[in-house]
Amino acid sequence: MSSKYEQRGVSATKSEVHEAIKGMDKGLYPKAFCKILPDVVGGSDDWVNIMHADTAGTKTSLAYLYWKETGDLSVWEGIVQDSLVMNLDDMGCVGAVDNILISSTIGRNKNRIPGEVLATIIQGAKKFADTMAEQGVGLHLTGGETADVGDIVRTIDVGFTTFARLPRKQLVINDIKPGHVIVGLASYGQATYETAYNGGMGSNGLTSARHDVFKHDYADKYPESFDPEVPRSVIYTGSRSLTEQVDIGGGKTMAAGKLVLSPTRTYLPVLKVLLDQLQPHIAGLIHCTGGAQTKVVKFIEGVRVVKNNFLPVPPLFDLIRKESGTDWREMYQVFNMGHRLEVYLPEEHAQSVLDIAASFNIDATVVGFVEAADQASVRLHTPAGVEDYFE
């Protein structure tokens, strides 16, 4: 990874995290996308428990900047969605798409985050749950912890923990084999259940995107928005203002800050239909989050995943690459670059996935295939050529 990326204190591979948890129990099905536990709640061998926890990460810092500059509280609803989806769509990749319990953990600096922001965040969770209910996805808010922890949080941290109890027969366990094809579902555009254009950002790579795209003026104006231990030379090094309009195609524009803050798209409504119609044929579901287009390498053995037919690079990621000068290899390891959900299955069922995605107004394509290999790897055909990645 680039020295600039490391200087900012972040890692696309999370190598230290993976080293720290090495040797820990991986649950009943080590190749599943989420850790799956015995049914300690119900005590049935026919059921399993799934629990997940995640946050919106440093995306909250960009939301803070945009809110301070514009007064637009709606960006905080997006942060709630970011944090929820980073949990829910991981769980969806093992088959949990309904009756999910949710608990929040919010730590704020009260001197910088007033009650109106807190209220928007808390009510935003209900608003998202209501939207999912309209799509047949049941999310149950159980409350949580909200604490004033200004001594350790510079602005605010928004996290959720999710839990589901699922019959074993409904589980999706990754069993990705040679001959399978990969259908990628777009992270950008406007799905039928979304209210605005989505740039496709997700909740990964935000430290890089925020500092690479936006101008250095924000460093002096909002020093609370970044780690003071990070060298100033890598803080807000871009040329764009938060409210500057960016071309998103079709003769439309969007504020640069809002574009990068696009809420992480959930695929739960799509997954619910996919699993209802195609589950016996689905060999794997991958949520391209940390590690982006290389994420799948952690869930395969004895195969090479080849992605040679990507969807077009969305305007957002083109903006980030041009502002940052980041090479293509790193871009595909940090950002989803246009699709964030992958369905692995026999080729004869690929068209059904494409049709289901289209019914939700989500672009999709067969992005590649799986072939036998001595070592698990991912081969990406990027605009710069062919790149191989190993675990």
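Predicted model: local features only at pLDDT ≥ 70, side-chain atom pairs only at ≥ 80, totals over all residues.
Reader: Where is N198 found, and why is it called buried?

Author: N198 is in the loop between β6 and α6. Its relative accessibility is 3%. Buried means under 20%, so N198 counts as buried.

Reader: Which residues is N198 in contact with, leaving aside neighbours within four places in sequence?

Author: They are S187, Y188, G189, S262, P263 and R265. Each has heavy atoms within 4.5 Å of N198.

Reader: Why is helix α6 described as largely enclosed?

Author: Eight of the eight residues of α6 (residues 206-213) are buried, so the helix is largely enclosed by the rest of the structure. The buried residues are L206, T207, S208, A209, R210, H211, D212 and V213.

Reader: How do you know whether T266 is buried or exposed?

Author: T266 has 2% relative accessibility. The cut-off for buried is under 20%, so T266 counts as buried. T266 sits in the loop between α8 (256-260) and α9 (268-278).

Reader: Why is D175 called partly exposed?

Author: Its relative accessible area is 35%. Exposed needs over 50% and buried needs under 20%, so a value of 35% is partly exposed. D175 lies in the loop between β5 and β6 (181-186).

Reader: How far apart are D175 and A32 in sequence and in space?

Author: They are 143 residues apart in sequence. From C-alpha to C-alpha, they are 8.8 Å apart. D175 touches K31, H180 and A283, not counting residues up to four places away in sequence.

Reader: How is the packing of α9 and α12 described?

Author: The two helices pack at an angle of about 145 degrees, with their axes 10 Å apart. α9 passes α12 (residues 350-359) in a right-handed crossing. From α9, the contact involves V270, V273, L274, Q277 and L278. From α12, it involves S352, V353 and I356.

Reader: Why are β9 and β14 edge strands?

Author: The order in their open sheet of seven strands is β9-β11-β6-β12-β10-β13-β14, with mixed pairing. β9 (284-287) and β14 (385-390) each have a single partner strand, so one side of each is left without a neighbour in the sheet. The twist averages 20 degrees from one strand to the next.

Reader: How do you know that β9 and β11 pair?

Author: Four bridges join the two strands, which run antiparallel. Pairing needs at least two bridges, so β9 and β11 count as a pair. In β11, V343 is the bridge partner of L285.

Reader: Which way do the residues of β9 point?

Author: G284 and I286 point one way, while L285 and H287 point the other way. All are buried.

Reader: What makes β10 and β13 a pair?

Author: β10 (residues 303-307) and β13 (residues 377-382) share four bridges in the parallel sense. The cut-off is at least two, so they pair. V306 stands opposite R379 in β13.

Reader: Which strands form the open sheet of five, and why do β1 and β4 stand at its edges?

Author: The order is β1-β2-β5-β3-β4, and the pairing is mixed. β1 (36-38) and β4 (139-148) each have a single partner strand, so one side of each lacks a neighbour in the sheet.

Reader: How do you know that β2 and β5 pair?

Author: β2 (residues 47-55) and β5 (residues 156-167) pair over nine bridges in the antiparallel sense. H52 has T162 in β5 as its bridge partner. Helix α4 (residues 74-92) packs on this sheet, touching β2, β3 (100-108), β4 and β5.

Technical notes
Residues numbered from 1 in each chain as written. Heavy atoms only, no water. Axes fitted to C-alpha atoms, helices over the stretch in contact; angles between N-to-C directions. Buried < 20%, exposed > 50% of the residue type's maximum accessible area, 1.4 Å probe, protein only. Left-handed = near helix turned anticlockwise from the far one by under 90°.
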